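Reader: I would like to learn how to read a fold from its parts. Could you walk me through one?

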Amino acid sequence: MQKVFKNAKEALKGLDETTELIITDINMPEIDGFEMAKLIHKNIDTDTPIVAVSAYDCNDYSLQDVIKNFSYYIRKPIKIKDLLIGIDKAIKQEQFHGC
């Protein structure tokens, strides 16, 4: 079942161990994508794949933070093909890619 949340606070309340994949922006108000990913991995499920999207280049962030928190990284504007590849690789838990 697909769930859509308007912000990270809602997502943290609505996600659970049955969540199969999360797609999130990194730049969000109140709780950014990095913090949300850390909280999900700590409190919900350490194995839930998280695909990050951002208008910024991956190099604008600490590469170690990106690799540690996300299964895949996609830069905006998002191409459907790239999104589908990212989802597939994240679900298969393939080695991090996207930067």
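Reader: In which order do the strands of the open sheet stand, and is the pairing parallel or antiparallel?

Author: Let's begin with the general idea: strands of a sheet pair through backbone hydrogen bonds, either parallel or antiparallel. In this predicted model, 3 strands form an open sheet in the order β1-β2-β3, with parallel pairing. β1 (22-25) and β3 (72-75) stand at the edges with a single partner strand each, so one side of each has no neighbour in the sheet. From one strand to the next, the twist averages 25°.

Reader: How many bridges hold β1 and β2 together?

Author: β1 pairs with β2 (residues 50-54) over 4 bridges, in the parallel sense. You can follow the pairing residue by residue: I22 stands opposite I50 in β2, and D25 stands opposite V53 in β2. On to the next pair: β2 and β3 run parallel and are joined by 4 bridges. Here S54 has R75 in β3 as its bridge partner.

Reader: Which helices lie on the sheet, and at what angles do they run?

Author: Helix α2 (residues 33-43) lies across β1 and β2, and runs at about 150° to β1. Helix α4 (residues 80-91) also packs on the sheet, where it touches β1, β2 and β3; its direction makes about 170° with that of β3.

Reader: What units do the strands and helices make as the chain passes from strand to strand?

Author: β1, α2 and β2 make a right-handed β-α-β unit. β2, α3 and β3 make a right-handed β-α-β unit too.

Reader: Let's look at α2 itself. Which of its residues are buried, and why do they line one face?

Author: The general idea comes from the helix turn: an α-helix has 3.6 residues a turn, so residues three or four places apart point the same way. In α2, the buried residues are G33, F34, M36, A37, I40 and H41. Looking down the axis of α2, you find these buried residues within an arc of 165°, so they line one face of the helix. On the other side of α2, K42 and N43 are exposed.

Reader: What do the buried residues of α2 pack against?

Author: They pack against α1 (8-14), β1, β2 and α3 (63-69).

Reader: And which residue caps the N-terminal end of α2?

Author: That is D32: one of its side-chain oxygens lies 3.1 Å from the backbone nitrogen of F34.

Terms used: Residues are numbered from 1 along each chain as its sequence is written. This is a predicted model: local features need pLDDT of at least 70, side-chain atom pairs count only at pLDDT 80 or more; totals for chains, interfaces and linings use all residues. Side-chain values use heavy atoms; hydrogens and water are left out. Two strands pair if DSSP finds at least two bridges between them. Helices (H or I, at least four residues) and strands (E, at least two) are DSSP runs, numbered from the N terminus. Axes are lines fitted to C-alpha atoms, for helices over the stretch in contact, and angles run from 0 to 180 degrees between N-to-C directions. Contact means heavy atoms within 4.5 Å. Buried means under 20% relative accessible area, exposed over 50%, partly exposed in between (1.4 Å probe, protein chains only). The arc is that of the directions from the helix axis to the C-beta atoms. A polar contact is a pair of N or O atoms within 3.5 Å; within protein, one must be able to donate a hydrogen and the other to accept it, and residues adjacent in sequence count only if both atoms are side-chain atoms. A crossover is right-handed if, with the strands pointing away from the viewer, the path from the first strand over the helix to the second runs clockwise.
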